[in-house]
Amino acid sequence: MIVLVITGTLLLTFFIGAVLHEVAHALAADVVGLGVREVQIGSGPLLCRTGLGRRLVELRLLPGQGMVQYRHQPKSWRRSRRFVFVAAGPVCDLVLLITLMAAS
């Protein structure tokens with residue numbers, strides 16, 4: 001029974017981390033002027049697909065990875081904008097780690 005609780009807790013933690021990571025990428029894409037087309041959370045078989053505004057959101061079976069696709073690359077695209085988009089996920093992970101360490 002303990003093994004099931006630990007496994008469930010671990011999967012839930014991976015799922016929450018993946019959601020926050022991908023949401024951080026999507027928010028950063030909006031901030032730097034990219035239109036987010038699709039946010040995919042997880043990998044493997046599709047569990048649920050829904051629209052959220054002009055975005056397609058997919059939830060998949062296996063947590064731990066995801067993807068954000070943006071609509072277009074603006075003509076005024078700069079390295080700093082791409083850096084903000086790419087770095088948003090790991091920065092969110094770091095903030096989550098620090099928060100959990102402080103809470104424990």
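I take contact to mean heavy atoms within 4.5 Å.

**Entry 1. Model and overall form**

I worked on a predicted model, in which local features need pLDDT of at least 70 and side-chain atom pairs count only at pLDDT 80 or more, while totals for chains, interfaces and linings use all residues. Residues are numbered from 1 along each chain as its sequence is written, and side-chain values use heavy atoms, with hydrogens and water left out.

I then read off the secondary structure, taking helices (H or I, at least four residues) and strands (E, at least two) as DSSP runs numbered from the N terminus. The chain has two helices and two strands, in the order α-β-β-α. Its C-alpha trace spans about 55 × 35 × 20 Å along the principal axes.

For burial I used relative accessible area: under 20% is buried, over 50% exposed, and in between partly exposed (1.4 Å probe, protein chains only). Of the 104 residues, 29% count as buried. The chain exposes about 7,200 Å², with carbon and sulfur atoms supplying 69% of that area; accessible areas come from the Shrake-Rupley method with a 1.4 Å probe, and for residues only the protein chains shown count as cover.

**Entry 2. Helix α1**

The 30 residues of α1 should span 44 Å, and the end C-alpha atoms are 43 Å apart, so the two agree. I listed the buried residues of α1 as G17, A18, H21, E22, A24, H25, A26, A28 and A29. These residues pack against β1, β2 (55–70) and α2 (79–103). Just after α1, I noted that G33 has a positive phi of about 100°.

I also found a nonpolar surface patch made of L12, F15, I16 and L20, with about 320 Å² of accessible area together. Patch members have over 30% relative accessible area and no salt bridge; like charges are joined within 9 Å, and nonpolar side chains (Val, Leu, Ile, Met, Phe, Trp, Tyr) within 5 Å. L20 lies in α1 and counts as partly exposed because its relative accessibility is 34%.

**Entry 3. Nonpolar core**

I searched for nonpolar cores, meaning sets of buried Ala, Val, Leu, Ile, Met, Phe, Trp, Tyr and Cys residues joined through side-chain atoms within 4.5 Å. The largest has ten residues: A18, A26, A29, V32, L34, V36, V39, I41, V68 and F85. Helix α1 (2–31) and strand β1 (36–52) each supply at least two residues of this core. In soluble globular proteins, nonpolar side chains tend to be buried together.

**Entry 4. Salt bridges**

I counted a salt bridge where a side-chain nitrogen of Lys or Arg lies within 4 Å of a carboxyl oxygen of Asp or Glu. The whole structure contains three. One of them joins D30 and R55 at 2.2 Å, N to O. This pair links distant parts of the chain, with D30 in α1 and R55 in β2, 25 residues apart. D30 is partly exposed at a relative accessible area of 35%, and R55 is partly exposed at 24%.

R49 and E58 also form a salt bridge (2.8 Å, N to O), as do R60 and E58 (2.9 Å, N to O). I recorded R49, E58 and R60 as a linked network of salt bridges. R49 is partly exposed at 48% relative accessibility, whereas E58 is buried at 4%. R60 is buried, as is E58.

**Entry 5. Single residues**

I looked up P63, which lies in β2 and is partly exposed, with a relative accessible area of 27%. Residues up to four places away aside, P63 touches L11, F14, F15 and G42. Its C-alpha atom is separated by 12 Å from that of T9, 54 residues apart along the chain.

S43 lies in β1 and counts as buried at 16% relative accessibility. Neighbours within four places aside, S43 is in contact with R60, L61, L62 and Q65.

M101 lies in α2 and counts as exposed at 57% relative accessibility. M101 and L56 are 45 residues apart in sequence and 33 Å apart, C-alpha to C-alpha.

Terms used. The expected span of a helix is 1.5 Å times one less than its number of residues.
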